[in-house]
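Hi,

Here is the structure I promised to pass on to you. Please have a look at it, and then read on for what turned up.

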Amino acid sequence: MMRKHPKMTIRQATPDDADQLSALIESLAHFFFSTPDGYGADKFVEATTPTALRIFIARPDINYLIGEWDGEFCGAAAIRECRHLHHLFVAPAYQGRRIGKQLWLAARDAALATGNPGEFTVNASLNAVPVYGRFGFESVGGPQQGNGLIFQPMKLVYRSDKASALAPPP
C-alpha cells in the first residue's frame, strides 16, 4: 500500500523501520507516562524497543504504516486486529501538517477494506484527546491509569444514520 499526498508518502512499515519508530515513541513517551520519570512503565518501554517493534511490525494482526515527508520519516500508525488504533505518532518537527490525520485515514481505510464494520478504539494520551475528537472518536468513561501509563479510552462508530454507513465524520 502506497498513499501519496503533496509532500507526504504513506507506506507499509518494515522491520528496518524499528529503530526510527522506537526513537520517535521514546521522544513522545512523556505524554503518556503517569509520572514524570515513567515509573512503572517498564512493560511499555520494553514493548517499544527496536527489537520488540521488529516483532510487532511482522505480526499478521498488525497493519503498521510509515509516513514520510519529502522522503524523511515523520510519523507512524498501527492498527491491531483491524479495529484498535494501537499507535499514532507524529514527530514534533512535523506536527501541525495534518500528518496524523493522513496516517489515521490510511490506517482506517485499510481496516475498512479488510472487513472492519466501522468501529474503532484507541487509548489516547491525554494531550491527544482533542485530536482524536476531531477524527470522530468519543471518550468512553474517564482517564485510566495502569502499568505506569495514563490514557483516555475512546471509541469511534460510524453510524448508519449518515449518508453512508461508513461515511467518515465531517
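The buried residues of helix 1 pack against helix 2 (42-47), helix 3 (50-58), strand 3 (62-69), strand 4 (72-80) and strand 5 (84-90). Please keep in mind that this is a predicted model. Helix 1 covers residues 18-28, and its buried residues are Ala 18, Leu 21, Ser 22, Leu 24, Ile 25 and Leu 28. Looking down the helix axis, you will find these buried residues within an arc of 165 degrees, so they line one face of helix 1.

Strand 3 and strand 4 run antiparallel and are joined by eight bridges; Ile 62 stands opposite Arg 80 of strand 4. Two residues lie between the strands in this hairpin, where Asp 70 takes a positive phi near 50 degrees. Strand 4 also pairs with strand 5, again antiparallel, through six bridges, and here Ala 76 is placed opposite Phe 89 of strand 5. The hairpin of strand 4 and strand 5 has three residues between the strands, and Glu 81 has a positive phi near 50 degrees. Strand 4 itself is largely enclosed by the rest of the structure, because seven of its nine residues are buried.

Now to the core. The largest nonpolar core holds 52 residues, and those touching the most other members are Tyr 64, Trp 104, Phe 120, Tyr 132 and Phe 137. Helix 4 (residues 99-113) gives the most to this core, with eight residues.

Is Asn 116 buried or exposed? With a relative accessible area of 6%, Asn 116 is buried. What do its polar side-chain atoms lie close to? A polar atom of the Asn 116 side chain is 2.5 Å from the backbone nitrogen of Gly 118, and one is 2.9 Å from the backbone oxygen of Glu 119. Not counting residues up to four places away in sequence, Asn 116 touches Cys 82, Arg 83 and Ala 111.

Happy browsing, and best wishes

Conventions. Residues numbered from 1 in each chain as written. Predicted model: local features only at pLDDT ≥ 70, side-chain atom pairs only at ≥ 80, totals over all residues. Heavy atoms only, no water. Buried < 20%, exposed > 50% of the residue type's maximum accessible area, 1.4 Å probe, protein only. Helix = DSSP H or I, 4+ residues; strand = E, 2+ residues; numbered from the N terminus. Arc of directions from axis to C-beta. Contact = heavy atoms within 4.5 Å. Pairing = 2+ DSSP bridges. Core = buried A, V, L, I, M, F, W, Y, C linked by side-chain atoms within 4.5 Å. Polar contact = N/O pair within 3.5 Å; in protein donor to acceptor, adjacent residues only side chain to side chain.
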